[in-house]
Amino acid sequence: MLKIENLTKIYRGGKVAVDKLNLDIQEGEFIAFIGTSGSGKTTALRMINRMVEPTSGKITLDGKDLTKMNAVTLRRSIGYVIQQIGLMPHMTIRDNITLVQKLLKWSKEKKDETASRLIELVNLPQSYLDFYPAQLSGGQQQRIGVLRALAANQDIILMDEPFGALDPITRDTLQDLIKDIQQRLNKTIIFVTHDMDEAIKLADRIAIMHEGKLIQFDTPDNILAAPANDFVKEFIGSHRLIQQKPNVKTVDEVMIKPISITIEKSLDEAIRLMVEKRVDTLFVTDGDNRLQGYLDVESFTGARKTKRSVSECYEKDVFYVKTGSKLQDSVRRILKRNLKNIPVVDDENRLVGLVTRANIVDIVYDTIWGDEEPMVSSEEQNGSEGSKELIGG
Ligand code: ADP
Ligand code: MG
């Protein structure tokens, strides 16, 4: 949606504030720019709505060149840089919420309707619209401030350290609120912060800047799991890397050796193997150890009288994960599908391991004690996980 190519800003005097920045931002994404002071975050943000004119490079919004758009059209699509969330004391809450709409010269009806729709998002009564900020508690004022920031009709909202000056508890509450409203209104937000915890909590993707250059641009999970270089590692802080460890474990670290049988064996052999190994599932492989399916007690029901071989009655419908997959995703998959276990295969589909419900219990406890919420904290977005597929069918 928003494409930034080789965006560069050299200030008068020769300071290279932003150096060939490249970013592709999708609709509805929450992007955090993070970096040390002077790394070019504010300059980069301000170039997006042309409060700072780029020296070179290109920004396109849905294919349209922003540098060729007139300022009015541009600001209809891209929000203002909001620096703090303070309200105007002499304006009513209604006028405060629709401040940007007023700047965009919306009609009174449209503004009133917007204000009344939006105040519901922060669970405050309609009657508050006629109040002045001083009549609200500090916390209520801040909620209105966040609402105002997201109320504008633009697709993209730019925010420059909006919570920088707040105490930690207030900041935490407002972070939750902004994320909630952003998702409900499906806004694209580009947000500058110097607080890594804030970036991890809010952002879908984090852009790490250093001396005008983009060092890494990825999801919080990926950055924590694989920092691009020592600068990023140091910037993240070792405590976070450790804290995140349960999250970034891979299936390879916990998988056990699966019991398998090759496809041409007889059912009697399969049953003997299950009894001997005391397992209720056998994975079925071909001569090259490639996963074909599985056999469990249910596959035998009624089959023994008429069928004699594994190939006649194994289940081809098998869920699996690829080696190197994040454990978190596999755990979620096991629980969601109510699977007893999930086989792990390599890139050639060869059976290399098994993650069982039993061996994830430890990890889940670990994770809870580590104060993580693996089941709800991220979406199913990992491209490396396998999917339901018919194998050998
Ligand atoms: P950040 O927001 O990451 O702290 P800035 O974008 O504000 O970084 O600044 C990047 C660099 O550009 C800094 O070295 C800063 O001193 C310089 N800079 C910022 N604005 C100007 C300006 N108007 N003129 C000259 N140099 C500037
Ligand atoms: Mg700044």
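This is a predicted model: local features need pLDDT of at least 70, side-chain atom pairs count only at pLDDT 80 or more; totals for chains, interfaces and linings use all residues.

Reader: At what angle do helices H5 and H6 pack?

Author: Helix H5, residues 108-119, and helix H6, residues 138-151, pack at about 130°, and their axes lie 11 Å apart. The two helices are therefore oblique to each other. Their crossing is right-handed.

Reader: Which residues make the contact?

Author: H5 contributes Thr 114, Leu 118 and Ile 119, while H6 contributes Ile 144, Leu 147 and Ala 151. Five of the residues in this contact are nonpolar and one is polar, with no charged residue.

Reader: Let us stay with Leu 147. Is it buried or exposed?

Author: Leu 147, which is found in helix H6, counts as buried because its relative accessibility is 0%, and the cut-off for buried is under 20%.

Reader: What does Leu 147 touch, leaving aside residues up to four places away in sequence?

Author: Leu 147 touches Ile 97, Leu 118, Ile 119, Leu 121, Val 122 and Ile 181. As for Leu 177, 30 residues separate it from Leu 147 in sequence, and the C-alpha to C-alpha distance is 8.7 Å.

Reader: A change of topic: the backbone. What is phi of Glu 161, and where is the residue placed?

Author: Phi of Glu 161 is near 45°, a positive value in a residue other than glycine. Most residues other than glycine have a negative phi. Glu 161 sits in the loop between strand S7 (156-160) and helix H7 (168-185). With a relative accessible area of 25%, Glu 161 is partly exposed.

Reader: And what about Asn 186?

Author: Asn 186 also has a positive phi, near 50°, and is not a glycine. Its place is the loop between H7 and strand S8 (188-193). Asn 186 counts as partly exposed, at 43% relative accessibility.

Reader: Finally, the whole protein. How many helices and strands are there, and how much of it is buried?

Author: The protein has 19 helices and 18 strands. Of its 393 residues, 51% count as buried. The accessible surface comes to about 19,600 Å², and carbon and sulfur atoms account for 48% of that.

Reader: What share of the contacts with a separation of 6 or more comes from residues 24 or more positions apart?

Author: Such residues account for 64% of those contacts.

Conventions
Residues are numbered from 1 along each chain as its sequence is written. Chains are lettered from A and ligands numbered from 1 in the order in which they are written. Side-chain values use heavy atoms; hydrogens and water are left out. Helices (H or I, at least four residues) and strands (E, at least two) are DSSP runs, numbered from the N terminus. Buried means under 20% relative accessible area, exposed over 50%, partly exposed in between (1.4 Å probe, protein chains only). Contact means heavy atoms within 4.5 Å. Accessible areas come from the Shrake-Rupley method with a 1.4 Å probe; for residues, only the protein chains shown count as cover. Axes are lines fitted to C-alpha atoms, for helices over the stretch in contact, and angles run from 0 to 180 degrees between N-to-C directions. Angles under 35 degrees count as roughly parallel, over 145 as roughly antiparallel, 65 to 115 as roughly perpendicular and the rest as oblique. A crossing is left-handed if the near helix is turned anticlockwise from the far one by less than a right angle, and right-handed if clockwise. Ala, Val, Leu, Ile, Met, Phe, Trp, Tyr, Cys and Pro count as nonpolar, Asp, Glu, Lys and Arg as charged, and the others, Gly among them, as polar.
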